[in-house]
Amino acid sequence: MDTVLELEHLTVRFDTKAGNVSAVTDLNLTIQRGECIGIVGESGSGKSQTFLASLGLLAGNGKTMGRALFRGQDLLKMNRDELDKLRGDRVTMIFQDSGTSLTPHMRIGEQLMEVLVAHKGHAPDVARKRVLEVMESMRIPDIEKRLTQYPHEFSGGMRQRVMIAMALVCQPDLLIADEPTTALDVTVQAQILNLFRALKAHTKSSIVLITHDLGVVAGLCDRVVVMYGGRMVEEAPVADIFASPKHPYTQGLLRCMPRLDQLLDTDLEAIPGQPPNLQKLPKGCAFAERCTQAIERCHTERPILRQLSPTRRAACHLLDAA
Ligand code: SF4
């Protein structure tokens with residue numbers, strides 16, 4: 001095993017005027033080299049905060065506890081300079097509309113080369129060669145001309161490709177992509193997901209794909225973690241999640257997904273109800289109010305995340321006897 005990231009009892013809290021918000025609670029997760037892992041859940045499930053906290057990118061009122069070991073070094077103990085050196089080089093993160101974070105008055109080529117010069121100390125000709133290489137792998141046409149252009153001359157999909165190129169230019173050990181295709185139209189989404197597939201096939205980078213859409217992880221991720229109310233509720237190899245989801249919430253997410261073998265006009269079943277209030281999490285299972293399979297115990301006792309097999313974990317009282 002070659003572990004890239006290990007989260008141990010990671011817990012994230014926010015102090016707000018209205019009280020404490022429990023964004024992530026006691027998360028344990030390991031990511032191996034070259035592995036692609038999908039983190040799936042609704043908004044507010046803690047999936048993004050987990051990785052923002054690990055990289056020291058939380059809002060000022062956030063507090064992180066536990067450990068986030070990157071190659072054995074605890075990111076939560078690093079100072080700002082150490083984190084700055086690591087981020088953008090060995091660990092990179094891209095966001096839903098990260099094209100907007102490109103510097104508007106700098107040419108694309110200069111921005112990409114600047115990353116290499118800052119992190120790797122490359123000479124300009126070496127940096128340019130690497131930039132051309134990575135832009136080509138992003139299937140950006142007319143590269144020489146594109147490098148001389150400014151961000152506003154690129155479409156949304158093209159800017160997102162540039163951001164992925166920027167995230168990859170230093171050949172990171174870990175790429176964290178937070179809803180990287182959500183703001184894009186369906187065709188561009190498919191193109192970007194194909195780029196991730198190619199990246200997975202041709203590099204040793206580990207990829208974390210954060211998404212609310214289970215469909216995005218199919219055919220790309222090796223393993224899926226489902227989060228609800230700030231906790232992991234299920235973890236399994238991707239094929240097992242689709243073949244036999246164990247947690248009622250995962251089962252609900254799957255029922256929300258369009259399927260090729262269903263008639264086009266079949267209504268998709270949304271999960272009724274709202275995600276839990278993170279300021280007042282219930283005593284029992286956080287999903288109990290929305291769960292069609294809830295039993296009495298679910299309202300009084302929180303289910304423990306159990307190891308169901310060497311590769312599967314889930315937290316639901318119904319699995320206790322399984
Ligand atoms: Fe549903 Fe109970 Fe399982 Fe929670 S513990 S998912 S409420 S059955």
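Leu308 counts as partly exposed because its relative accessibility is 32%, where buried means under 20% relative accessible area, exposed over 50% and partly exposed in between (1.4 Å probe, protein chains only). The model is predicted, so local features need pLDDT of at least 70 and side-chain atom pairs count only at pLDDT 80 or more, whereas totals for chains, interfaces and linings use all residues. Residues are numbered from 1 along each chain as its sequence is written, and side-chain values use heavy atoms, with hydrogens and water left out.

Leu308 belongs to strand S11 (residues 306-309); helices (H or I, at least four residues) and strands (E, at least two) are DSSP runs numbered from the N terminus. Lys246, Arg313, Ala314 and Leu319 are touched by Leu308, not counting residues up to four places away in sequence, contact meaning heavy atoms within 4.5 Å. Between Leu308 and Gly219 there are 89 residues of separation in sequence and 24 Å in space, C-alpha to C-alpha.

The largest nonpolar core has 61 residues, and Met135, Phe196 and Leu214 have the most contacts inside it. Such a core is a set of buried Ala, Val, Leu, Ile, Met, Phe, Trp, Tyr and Cys residues joined through side-chain atoms within 4.5 Å. Helix H6 (residues 156-168) gives the most to this core, with 8 residues. Apart from it lies another core, of 35 residues, including Val12, Val24, Leu52 and Val208.

The axes of H6 and helix H7 (residues 186-202) come within 10 Å and cross at roughly 15°. Axes are lines fitted to C-alpha atoms, for helices over the stretch in contact, with angles from 0 to 180 degrees between N-to-C directions. H6 and H7 are therefore roughly parallel to each other (under 35 degrees; over 145 is roughly antiparallel, 65 to 115 roughly perpendicular and the rest oblique). Gly157, Gln160, Arg161, Ile164 and Leu168 of H6 meet Val188, Gln191, Ile192, Leu195, Phe196 and Leu199 of H7. By class, this contact of H6 with H7 has 7 nonpolar, 3 polar and 1 charged residues; Ala, Val, Leu, Ile, Met, Phe, Trp, Tyr, Cys and Pro count as nonpolar, Asp, Glu, Lys and Arg as charged, and the others, Gly among them, as polar.

For helix H3 (residues 108-120) and helix H4 (residues 124-137), the axes come within 9 Å and cross at roughly 115°. On the H3 side the contact involves Ile108, Leu112, Met113, Leu116 and Val117, and on the H4 side Pro124, Ala127, Arg128, Arg130, Val131 and Met135. The contact of H3 with H4 has 9 nonpolar, no polar and 2 charged residues.
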